[in-house]
Amino acid sequence: MRIEKIVVRKLKMDYKFPFETSFARTTDRELLIIEAYSEGLVGYGECVVSADPYYSEETVGTASHIIEEFLVPLVFSKDQISHPDEINKDFSRIRRNNMAKSAIEGALWDLYAKKKNITLTEAVGGKRKKIEVGVSIGIQETLEELFEQVQDSLDKGFNKIKMKIKPGKDIEILRAVREKFGDIPLMADANSAYTLDDIELFKEMDSLNLMMIEQPLAHDDIIKHATLQKAITTPICLDESIHSLEDVQNAIELGSCKIINIKIGRVGGISEAIKIHDYCEEKNIPVWCGGMLESGIGRAHNIAITTLENFTIPGDTAPSSRYWHKDIITPEVVMDEEGYIHVPEQPGIGFDIDQEALEKVTIDIKTYTNS
Ligand code: OSB
Ligand code: MG
């Protein structure tokens, strides 16, 4: 396929409720949507950056810069792209900026599937017809509010409860939830808020029988996580530390974790996500698909890769209505009473774009034509 035109949209969408992690409290989301045009078809990709560089170093501003100045010209320099993974060779000269790369690569994957008239799920080699869903609950002001959120999530059918924690709001609230709700599938996400000085705290958490603890130590660490993993029985899952297959290989070799959270944006695209999935499968390391509070387009990409066999733990890709008053896809992503999302059967990402909803949240639009 020859890419004739690329449109970069900047969106601003308000959350239904503020979302608090150990690194920030946010009430709305800025993100980028990529449209790649070829022979009457459009492929959609989402850049899962935030406005601020608190989760990763990338922001809406840096991603726009990298996409517009470097990635779009590279795509246009190729006369034909027969498979989306081809672009990664060209992109690899550019260091990191994974979320920017992933946005373009994702649009090419959607376009590729649409050209072949197959689903994105089929294109990535996924087999599942439905995927199991968990929920990520932000840090709450009070224990009552947290209990309410957990109860509501269980009532809705979510198959995994992930609680965000930070120093001062960790073991007590985890213990309180464990005591109140019993043997539910429960885990914690620290978003890098701790150091090895907190090792006793994590040893104490072993008694809570958590499914895992996600990214307890520094965002760029693999070594100290290995020390921590050796000292505790609760599996560590790495999120922020993983940017590539190589990072995963290092982490598994060192014993830094027992589970990997795969986020397409963080690892630079669907092709790298598949490679990580396959490697982990070989090494008996289960994986799950993390979330970045995506719009429906990013959600659709997440659903497709979660159909791969070794995604054996429920992911964070919850239904659209948990986050948005109105999503930009139609139909919206919904979950059944058992906490499963049914994989769409239309070609490509499998959802139509709600053009009116998309225009409403677009705050900037740039068009690049391949002359
Ligand atoms: O650490 O997984 C994380 C949201 C933004 C940035 C980082 C993370 C998260 C979430 C929310 O946990 C997952 C979701 O509901 O999309
Ligand atoms: Mg996380």
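Predicted model: local features only at pLDDT ≥ 70, side-chain atom pairs only at ≥ 80, totals over all residues.

User: In what order do the strands of the 7-stranded sheet lie, and which stand at its edges?

Analyst: The sheet is open, its pairing is parallel, and its order is S5-S6-S7-S8-S9-S10-S11. A strand at an edge has a single partner strand, so one side of it is left without a neighbour in the sheet. The strands in that position are S5 (135-137) and S11 (287-289).

User: How many bridges join strand S6 to strand S7, and which residue of S7 is the bridge partner of Lys162?

Analyst: Strand S6 covers residues 161-164 and strand S7 residues 186-189, and the two run parallel. They are joined by 4 bridges. The bridge partner of Lys162 in S7 is Met187.

User: At what angle to S5 does helix H5 run?

Analyst: Helix H5 comprises residues 143-156 and lies across both S5 and S6. Relative to S5, the direction of H5 is about 170°.

User: Which residues of strand S10 point the opposite way from Ile259 and Asn261?

Analyst: In a regular strand, side chains alternate between the two faces of the sheet. Strand S10 spans residues 259-262, and its residues are all buried, with Ile259 and Asn261 pointing one way. Those that point the other way are Ile260 and Ile262.

User: Which residue of S10 is the bridge partner of Leu238?

Analyst: Strand S9 (residues 236-238) runs parallel to S10, and 2 bridges join them. Within S10, the partner of Leu238 is Ile260.

User: Is Lys263 buried or exposed?

Analyst: Lys263 lies in the loop between S10 and helix H10 (270-282). Leaving aside residues up to four places away in sequence, Lys263 touches Tyr55, Asp239, Gly290, Gly291 and Met292. The cut-off for burial is under 20% relative accessible area. At 5% relative accessibility, Lys263 therefore counts as buried.

User: How far apart in space are Lys263 and Asn302?

Analyst: Asn302 is one of the buried residues of H11. In sequence, Lys263 and Asn302 are 39 residues apart. Their C-alpha to C-alpha separation in space is 8.1 Å.

User: How many of the 11 residues of H11 are buried?

Analyst: The buried residues of H11 include Arg299, His301 and Asn302, together with Ile297, Ile303 and Ile305. The helix is largely enclosed by the rest of the structure, because the buried count is 11 of the 11 residues.

User: In the sheet of 4 strands, which residue of S3 stands opposite Ile34?

Analyst: This open sheet has antiparallel pairing in the order S3-S2-S1-S15. Its edge strands are S3 and S15 (362-369), each of which pairs on one side only. Strand S2 (residues 25-38) is joined to S3 by 7 bridges.

User: What angle does the direction of H3 make with that of S3?

Analyst: Helix H3 packs on the sheet and touches S2 and S3. The angle between the directions of H3 and S3 is about 150°.

User: How much space lies in the largest cavity, and which residues lie nearest its centre?

Analyst: The search of the whole structure finds 4 cavities of 30 Å³ or more, and the largest holds about 130 Å³. Strand S3 (41-47), helix H3 (98-116) and helix H11 (296-306) each give two or more residues to its lining. By class, that lining has 4 nonpolar, 8 polar and 3 charged residues. Of the 15 lining residues, those nearest the centre are Glu46, Val48, Ser102, Ile264 and Gly265.

Note on methods
Residues numbered from 1 in each chain as written. Chains lettered and ligands numbered in written order. Heavy atoms only, no water. 1 Å grid on protein atoms, 1.4 Å probe; cavity = no way out; pocket = protein on both sides within 12 Å on 5 of 7 lines; lining within 4 Å. Points joined across faces, edges and corners; volume = space filled by probe spheres on them. Nonpolar A, V, L, I, M, F, W, Y, C, P; charged D, E, K, R; others polar. Pairing = 2+ DSSP bridges. Contact = heavy atoms within 4.5 Å. Axes fitted to C-alpha atoms, helices over the stretch in contact; angles between N-to-C directions. Buried < 20%, exposed > 50% of the residue type's maximum accessible area, 1.4 Å probe, protein only.
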